[in-house]
Amino acid sequence: MARAGLAAERVVRAGAELADEIGFERVTPSELARKLGIKTASLYSHVKNAHDLKTRIALLALEELADQASAAIAGRAGRDALGAFANAYRDYAFQHPGRFAAARFRLDAATAAASAGPRHSRMTRALLRGYDLPELQETHAVRLLGSVFNGYVELEMAGSFSHSAPSSEESWTEILDALDSLLRNWPASSS
């Protein structure tokens with residue numbers, strides 16, 4: 001029987017907060033139970049196991065991130081939309097490092113399809129419509145943006161850019177300008 005006052009949503013939110021505090025990879029049912037001041041067995045009324053807990057945290061993170069990115073790009077196009085979209089991801093990563101890691105947790109195909117993940121892809125493709133890319137090239141561009149955003153943020157969060165000038169903020173702006181230029185001048189397909 002579920003503990004009074006303890007709901008699955010509360011468990012998942014507490015798990016997300018714990019991920020931000022200690023890192024997503026370190027979130028376990030026993031760590032979460034300790035945070036909530038309950039016995040680990042009590043969690044199993046709300047989540048099946050550690051994988052289920054991590055999956056639910058990932059789903060929450062994907063939803064939050066999609067909401068933040070959607071609000072950021074509303075009414076924008078071109079470089080303005082690209083910057084707002086990229087900054088939404090970067091800001092979320094710094095505000096919620098554990099959740100940002102959770103958003104990249106591997107989900108099974110059915111769970112991924114039902115998650116906010118496809119919403120991220122649709123937003124990226126909508127942003128790319130402002131660049132008039134050939135439809136066949138959009139997938140490449142979606143992957144490029146995801147790789148650059150995630151890679152840069154991961155390196156920045158690890159302190160990789162803190163050892164030399166220019167600042168990581170200056171580099172971020174330059175990179176977004178370079179991406180904008182590339183998207184406006186996408187090379188013709190060689191296939």
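Trainee: Which residues are exposed on the other side of helix 8?

Mentor: Exposed means over 50% relative accessible area, buried under 20%, and partly exposed in between (1.4 Å probe, protein chains only). Helices are DSSP runs of H or I with at least four residues, numbered from the N terminus. Here, Arg122 and Arg129 are exposed on the other side of helix 8. This is a predicted model: local features need pLDDT of at least 70, side-chain atom pairs count only at pLDDT 80 or more, and totals for chains, interfaces and linings use all residues. Residues are numbered from 1 along each chain as its sequence is written, and side-chain values use heavy atoms, leaving out hydrogens and water.

Trainee: Which residues of helix 8 are buried?

Mentor: His120, Met123, Thr124, Leu127 and Leu128 are buried in helix 8. They cover an arc of only 140° around the axis, so they lie on the same side of helix 8. The arc is taken from the directions from the helix axis to the C-beta atoms.

Trainee: What do the buried residues of helix 8 pack against?

Mentor: Contact means heavy atoms within 4.5 Å. The buried residues of helix 8 pack against helix 4 (50-73), helix 5 (78-95), helix 9 and helix 10 (168-184).

Trainee: Where is Glu156 found?

Mentor: Glu156 is in helix 9 (residues 135-157). Glu156 is buried, with a relative accessible area of 12%. Not counting residues up to four places away in sequence, Glu156 touches Arg90, Phe94, Phe161 and Ser168.

Trainee: How is confidence read in the chain?

Mentor: pLDDT is the predictor's confidence in each residue, from 0 to 100. The chain averages a pLDDT of 93, and 96% of the residues score at least 70.

Methods. Helices (H or I, at least four residues) and strands (E, at least two) are DSSP runs, numbered from the N terminus.
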